[in-house]
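Hi,

Here is the structure I said I would pass on.

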Amino acid sequence: MMIRHRCCAALALLLIIADAKTPKPQIEITTSKGTLRLELTPDHTPITVDNFLAYIDSKFFDGLTFHRVIKGFMAQGGGFDSSLNEKPALFPPIKLEAATSLSNTRGTIAMARTNQPDSATSEFFINHADNKFLDASKSSDGYAVFGYVIDGLSVLDAIATVATHSVTVHGTKFDDVPKTPVVIESIQRVVVPEPTSEPTPEPAPRPTAAPKPRPTPRPTIAPTDADEATQAPTALRIRSGYAMSDADDAIMAQKAHGTCPAPVQAKLRWGCDRDLADDICCFNRNYAEPTGYAWGTSWPADVTEAPQDYYDPVTGRPLFRAPVGRSRADFLAESKAHGWPSFRDAA
């Protein structure tokens with residue numbers, strides 16, 4: 001717990017004792033795939049927890065769906081029904097609390113948001129794997145975790161592994177939509193008994209399931225003196241995702257360096273951080289899109305009306321040119337909607 005103002009030792013001790021005797025709120029998410037029980041973390045994210053409980057008390061989530069599901073990444077819901085009609089938020093967006101939240105590890109629940117930090121309302125996601133790149137850092141505002149699954153990880157696995165497809169509704173394309181809707185039948189508070197004054201046995205540690213291990217631990221990347229004449233400049237793709245299919249097993253198969261034959265190149269464009277680039281490209285290749293990494297670099301300001309070449313961050317091979325047949329503004333707008341630089345002009 002972060003104490004922002006000085007206080008006497010007695011008061012601090014009193015706060016700690018009071019916190020220990022106050023059970024954390026718990027909720028149950030009942031879905032068409034089963035029920036998950038979660039414990040929330042008001043000690044880390046009080047604003048986020050209060051907001052989520054307000055939506056629960058309003059029965060806002062009942063009948064909505066997990067509308068976006070990616071195996072090995074997360075399951076997102078709380079905003080759309082089975083016909084992909086968006087339900088208007090009940091309350092104003094909340095302040096982002098990612099800086100004080102727990103890490104985005106398997107089984108944690110976090111608030112979804114737009115590229116604006118303080119924009120979360122009702123949508124949330126449950127991490128299907130360790131996604132620590134979604135945590136707050138010097139280069140990212142992060143995503144606020146506000147609880148974790150204490151029972152029902154097998155239900156999370158069932159949700160995260162459903163067959164998905166892409167759907168266009170009212171002119172908007174939705175990717176990773178379950179072919180058979182995963183319905184949120186209800187989300188309810190769970191009554192947690194108050195502790196008694198009688199001594200009780202020490203509770204068993206909260207069970208956790210180990211995340212799927214990386215095939216090869218990521219080694220520290222040593223700088224190289226590669227000849228720039230033989231290795232083309234590296235693309236922004238390192239911060240904004242990679243053009244590929246979630247179902248492409250060949251691309252995601254184990255290789256010498258995670259899912260890549262080698263680490264990303266040493267010399268990166270637009271001020272991209274190499275370690276973060278390597279994590280995204282070689283170990284979390286599908287999952288950079290939700291965080292909007294592209295807009296944390298100098299890339300948007302560097303885009304011109306004239307087409308530029310974009311390259312693979314590992315091999316250096318040319319990938320596509322953009323913008324072609326549209327304006328700089330249109331290219332940036334479409335790229336921002338995707339969460340990464342648009343690939344529409346790919347050769």
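Below is what I found, going from the whole chain down to single residues.

A word on the ground rules: this is a predicted model, where local features need pLDDT of at least 70, side-chain atom pairs count only at pLDDT 80 or more, and totals for chains, interfaces and linings use all residues. Residues are numbered from 1 along each chain as its sequence is written, and side-chain values use heavy atoms, with hydrogens and water left out.

**The whole chain**

The chain has eight helices and 12 strands; these are DSSP runs (helices H or I, at least four residues; strands E, at least two), numbered from the N terminus. Out of 347 residues, 45% are buried. Buried means under 20% relative accessible area, exposed over 50%, and partly exposed in between, with a 1.4 Å probe and protein chains only. The chain exposes about 17700 Å², and carbon and sulfur atoms supply 55% of that (areas by the Shrake-Rupley method with a 1.4 Å probe; for residues, only the protein chains shown count as cover). Among contacts (heavy atoms within 4.5 Å) with a separation of 6 or more, 71% are between residues 24 or more positions apart.

**The cores**

By nonpolar core I mean a set of buried Ala, Val, Leu, Ile, Met, Phe, Trp, Tyr and Cys residues joined through side-chain atoms within 4.5 Å. The largest one has 32 residues, and the members touching the most others are I27, I29, F52, F61, F66, F124 and I187. Helix α2 gives this core its largest share, five residues. Another core, of 16 residues, lies apart from the largest one and includes C260, V264, C281 and C282.

**Helix α2**

After α2 comes K59, with a positive phi near 55 degrees.

**Salt bridges**

Side chains of opposite charge can pair when their charged atoms come close. I counted a salt bridge wherever a side-chain nitrogen of Lys or Arg is within 4 Å of a carboxyl oxygen of Asp or Glu, and that gives five. Here are three of them:

- D43 and K24 pair with their closest N and O atoms 3.5 Å apart. This pair links distant parts of the chain, 19 residues apart: D43 is in the loop between β2 (34-40) and α2 (46-57), and K24 in the loop between α1 (9-21) and β1 (26-31). D43 is partly exposed at 26% relative accessibility, and K24 is partly exposed at 28%.
- R106 and D157 meet at 3.1 Å, N to O. They too link distant parts of the chain, 51 residues apart, with R106 in the loop between β4 (74-77) and β5 (108-111) and D157 in helix α3 (residues 153-160). R106 is buried at 15%, whereas D157 is partly exposed at 27%.
- D175 and K173 have their closest N and O atoms 3.8 Å apart. D175 is partly exposed at 36%, while K173 is exposed at 57%.

**A few loop residues**

S140 sits in the loop between β6 (124-127) and β7 (145-151) and is buried, at 11% relative accessibility. A polar atom of the S140 side chain lies 3.2 Å from the backbone nitrogen of G142.

Is Q265 buried or exposed? It is buried, at 8% relative accessibility, in the loop between α5 (249-252) and α6 (274-283). T315, in the loop between β11 (308-311) and β12 (318-322), is partly exposed at 44%. T315 and C260 are 55 residues apart in sequence, with 9.4 Å between their C-alpha atoms.

Happy browsing!

Definitions and conventions: Polar contact = N/O pair within 3.5 Å; in protein donor to acceptor, adjacent residues only side chain to side chain.
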